[in-house]
Amino acid sequence: MRIRRIGRLLALVALFQACTDAPPPPVELGVPLALAEHRAQTLSEVRYRIALDIPEDRSDPIQGNTVITFQWEDRDRHPLVVDFKDPAQRVQRVVVNESKVEWTSEADHVVIPAASLRRGENRVELAYLAGDEALNRSDEFLYTLFVPDRAHFSLPVFDQPDLKARVSWELAVPAGWVAVANGPGENQPEIPADLAGEGVHREMVEVVPSPERRTYSFRASRPIPTYLMAFAAGRFQVEMARRGRFLFTMYHRETDAAAVDRNREQIFDLHQTAVDWLEDYTGLDYPFQKFDFVLLPPFQYGGMEHPGSIFYRQSSLMLDESATQANYLGRASLIAHETAHMWFGDLVTMRWFDDVWTKEVFANFMAAKIVHPSFPEVDHKLRFLMAHHPSAYGVDRTPGANAVRQPLENLREAGTLYGAIIYQKAPVVMAHLERTVGEDTFRDGMREYLSSHLYGNATWPDLITILDRLSDEDLAAWSRVWVEEPGRPTIHVAIEDGGEEGGRVLLRQEDPWGRERIWPQSLELVASWPGGLERSTVRLHETEVVAEAWTGRERPEWVLPMGAGIEYGMFLLEGDALEALALDIQELDDPSLRGAAWLVLQDHMLEERVVPGAVLDLALAALDEERDEILVGQLLGLVGTIYWDLLPDEVRNQRAAEVEEAMWRGVTSAPTATLKASFFSAYRGVALTPGAVARLRRIWAREERVPDVPLSESQEIALVEALAVREVPGAGALLDAQFDRIQNPDRRARFQFVRPSLSADPRVREAFFESLADDANRDREPWVLSGLGYLQHPLRRAHGAGLVEAGLALVEEIQRTGDIFFPGRWLGALLGNHNSPEVVALVAEFLESRPQYPHRLRGKILQEYDGVRRAVRIVHGANSAPAWEVWP
């Protein structure tokens with residue numbers, strides 16, 4: 001009887017354990033959300049000490065040793081999962097709490113038995129060969145790029161954003177190399193940790209390459225996520241400058257001393273301006289220990305916000321003598337963006353990558369504010385409009401449009417979240433939010449958001465909760481359609497004639513996706529009457545709204561609903577209002593209104609409501625009068641798009657001389673050197689007639705000068721590449737001569753890589769393309785995109801079309817092995833110059849034959865396909881492209 005009772009008791013205990021023990025987190029490729037959530041609940045106070053021995057020969061492996069310390073509280077005592085790619089081949093030894101342990105390799109993880117761990121503090125040490133995948137190794141330098149989930153491609157870590165850790169580095173490097181990392185060097189004083197403190201000067205510390213092999217040690221950083229851990233090492237030149245309480249240090253590889261002298265002080269000044277503005281706006285001192293940055297020639301994108309070691313693409317900061325205003329604005333915005341990340345993204349980090357957009361929108365939104373004082377001559381309302389709306393519209397008008405905030409089940413898919421919606425639409429949405437709650441309330445909410453999560457993690461709902469409390473608006477409902485849903489509204493603007501009772505202006509919004517959604521927003525209407533312009537604001541929070549202020553009055557000539565420069569949607573002007581607006585564009589004194597009018601006109605063109613030839617006529621005429629450099633840049637881009645993509649070949653050939661002459665008039669008559677440079681770049685892009693091509697050749701040969709536009713080494717390279725793709729006689733000899741001209745070793749390497757894509761021999765071009773199937777040949781992503789762009793140049797469409805299917809087949813692998821922007825940019829280079837029914841049919845067949853194709857990659861293909869589809873419908877007729885209904 002007693003034995004039976006004991007048996008029942010044991011059965012009850014087993015049942016209780018079965019009901020209370022949580023299942024182990026999934027261990028699969030990447031970092032699944034369930035695993036990340038489990039680790040966030042059971043691990044804390046994480047620290048990394050990483051030592052790497054970097055050999056001189058980049059083909060030799062890098063020996064690594066990492067010590068991870070952490071607090072562990074797992075009542076279910078599940079195994080510890082450390083993320084590391086190919087651990088079975090790379091891990092040499094695992095020691096836990098001073099004892100060597102038997103571990104297992106599962107997917108891309110090191111799995112350590114719970115029996116080797118203890119409650120509280122633990123120490124795990126791993127010896128391994130570092131993976132090259134995220135180390136970007138070259139003969140003379142290397143740099144890390146771990147965003148979004150690539151730290152574990154090279155190092156053993158807990159690769160998720162909500163396990164922030166202090167990281168220290170020890171880097172043994174070859175003779176002649178220097179190194180930089182997140183924390184301060186062993187001899188560098190820190191900027192004070194107290195966010196409310198006064199700050200102190202960092203002492204000037206000489207950074208000199210050693211003639212012998214040397215080890216650089218970097219003290220522990222403040223808490224940061226793994227995607228922000230970073231170092232660079234190599235043959236760099238070092239510049240330092242003191243600004244206020246800061247000592248800024250810049251590492252670069254520019255060999256042109258004049259270029260360095262021309263840019264250095266401006267680069268340091270722009271960083272200091274950004275820091276000062278952000279400290280004032282946030283009420284928080286700069287939150288990290290030092291401010292170093294590295295300029296890298298082949299960097300995959302504009303910049304990356306590693307605390308203590310920001311990385312930039314060198315050409316984005318080291319500007320040529322003939323740089324345009326857009327280049328100067330772009331540099332200032334980039335520096336402001338990356339500096340803003342020190343607070344928005346680095347100090348306070350999203351909990352999971354479904355909110356990656358928050359760090360990018362805050363950085364872009366703040367950057368737009370920061371650059372205002374540095375460019376008083378610029379219309380910043382126009383700048384915001386043109387920096388955001390065209391790119392965002394380019395995605396939101398397509399069937400591949402995505403929401404700002406997207407669900408994410410595994411970090412291995414995080415790279416597919418990036419694109420124009422995060423970077424360009426989201427700042428517009430944020431501007432709507434600021435206008436809704438008021439600037440002061442918005443700033444106060446941002447300050448509370450930051451101060452509540454110092455060195456921690458937060459979510460978008462956390463911010464909305466704060467602002468909801470400070471505002472009378474229903475921000476949760478507003479967020480659902482603007483943040484959680486894709487697309488944009490279609491807003492019809494009708495001017496109705498009411499006879500004796502007068503007319504009215506009616507605005508009616510539709511959901512182009514047929515979901516009956518309403519996008520609430522305020523619209524500042526601008527209307528034209530014979531006596532001048534008038535403005536009136538309406539709240540479009542329903543399907544329809546009437547501009548009551550104008551009801552009963554005579555009929556205006558046109559109404560433009562983008563007076564504030566942040567209104568968002570496809571605005572369709574009914575009746576003859578579009579023609580009236582088009583004829584008035586250059587009469588508008590406000591540059592932001594002219595910019596908005598051009599955007600509306602372009603939407604109508606892509607909707608086949610106005611023919612491209614007519615828009616081209618208007619744009620060429622406007623370029624003879626327009627002096628706002630932002631608008632000139634927009635118009636030059638519009639001319640290029642129509643010229644290459646939206647005109648039949650025979651029409652383009654007929655109009656080539658006219659377009660070339662308009663561009664050269666700008667070169668010779670524009671009032672500023674920066675405008676002349678913009679026109680010359682456009683002239684180089686459209687040159688097609690024998691006379692224009694001959695002029696480019698004379699300029700490259702230094703037989704003819706471009707007025708007030710000195711040509712740098714980079715510009716001469718671009719010029720000879722333009723000649724080669726036009727297959728001028730003797731192009732091979734020109735390319736040989738240009739290679740001999742190039743002094744900078746990084747530009748020489750890039751030119752040598754790209755050269756086969758310029759060949760007149762299709763077999764050479766095909767061999768270049770086939771080589772890109774090897775991911776090792778895709779390491780230098782900007783070089784790859786340049787080469788692919790030349791393969792798919794409009795003059796080579798017929799041959800390039802034969803490469804499209806193979807290029808599409810590589811997209812999934814490119815997403816797995818490349819960096820975050822590479823899949824979208826690959827597709828842009830592959831498809832963006834095509835306008836043939838054959839390519840449309842090929843893309844349609846590719847997707848229709850793969851119903852299980854990854855959803856987000858499918859969306860990216862559709863985003864690029866949409867431009868090709870529209871071009872085909874415009875150039876070849878409405879029945880040449882599949883309708884929207886083709887797509888699920």
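Modeller: Happy to. Asparagine 744 caps the N-terminal end of H23, with a side-chain oxygen 2.9 Å from the backbone nitrogen of aspartate 746. Such a polar contact is a pair of N or O atoms within 3.5 Å; within protein, one must be able to donate a hydrogen and the other to accept it, and residues adjacent in sequence count only if both atoms are side-chain atoms. Helices (H or I, at least four residues) and strands (E, at least two) are DSSP runs, numbered from the N terminus. Keep in mind that this is a predicted model: local features need pLDDT of at least 70, side-chain atom pairs count only at pLDDT 80 or more, and totals for chains, interfaces and linings use all residues. Residues are numbered from 1 along each chain as its sequence is written, and side-chain values use heavy atoms, leaving out hydrogens and water.

Biologist: Which residues of H23 are buried?

Modeller: In H23, residues 745–754, they are Asp746, Arg747, Arg750, Phe751 and Val754. Buried means under 20% relative accessible area, exposed over 50%, and partly exposed in between (1.4 Å probe, protein chains only). Looking down the axis of H23, the buried residues fall within an arc of 135°, so they line one face of the helix. That arc is taken from the directions from the helix axis to the C-beta atoms.

Biologist: And what do the buried residues of H23 pack against?

Modeller: Strand E9 (141–143) and the helices H21 (713–725), H22 (731–741) and H25 (781–791). Contact here means heavy atoms within 4.5 Å.

Biologist: Switching to aromatics: how many aromatic pairs does the structure hold?

Modeller: It holds 39. One of them is phenylalanine 84 with tyrosine 128, edge-to-face at 5.4 Å centre to centre and 70° between the planes. Rings of Phe, Tyr and Trp (its six-membered ring) pair if their centres lie within 6.5 Å; planes under 30 degrees apart are stacked, over 60 edge-to-face, and the rest tilted.

Biologist: Where do phenylalanine 84 and tyrosine 128 lie?

Modeller: Phenylalanine 84 is in the loop between strand E3 (80–83) and helix H3 (87–90) and tyrosine 128 is in strand E8 (residues 120–129), so the pair ties together parts that are 44 residues apart in sequence. Both phenylalanine 84 and tyrosine 128 are buried. Elsewhere, ring pairs link Phe141, Tyr143, Phe236, Phe299, Tyr301, Phe311, Tyr418, Tyr423 and Phe821 into a cluster.

Biologist: Now salt bridges. What's the count?

Modeller: There are 66 salt bridges, each a side-chain nitrogen of Lys or Arg within 4 Å of a carboxyl oxygen of Asp or Glu. Among them is aspartate 83 with arginine 39, whose closest N and O atoms are 2.7 Å apart. This pair links distant parts of the chain, with aspartate 83 in strand E3 and arginine 39 in helix H2 (residues 33–42), 44 residues apart.

Biologist: Are aspartate 83 and arginine 39 buried or exposed?

Modeller: Both aspartate 83 and arginine 39 are buried. Aspartate 396 and lysine 425 also meet in a salt bridge, at 2.9 Å from N to O, and both of those residues are buried.

Biologist: Last topic, the backbone. Which peptide bond is cis, with omega near -5°?

Modeller: The one from valine 147 to proline 148. Proline 148 sits in the loop between E9 and helix H4 (151–154). Glutamate 45 has a positive phi, near 50°, in a residue other than glycine. You'll find glutamate 45 in strand E1 (residues 43–53), and at 62% relative accessibility it counts as exposed.
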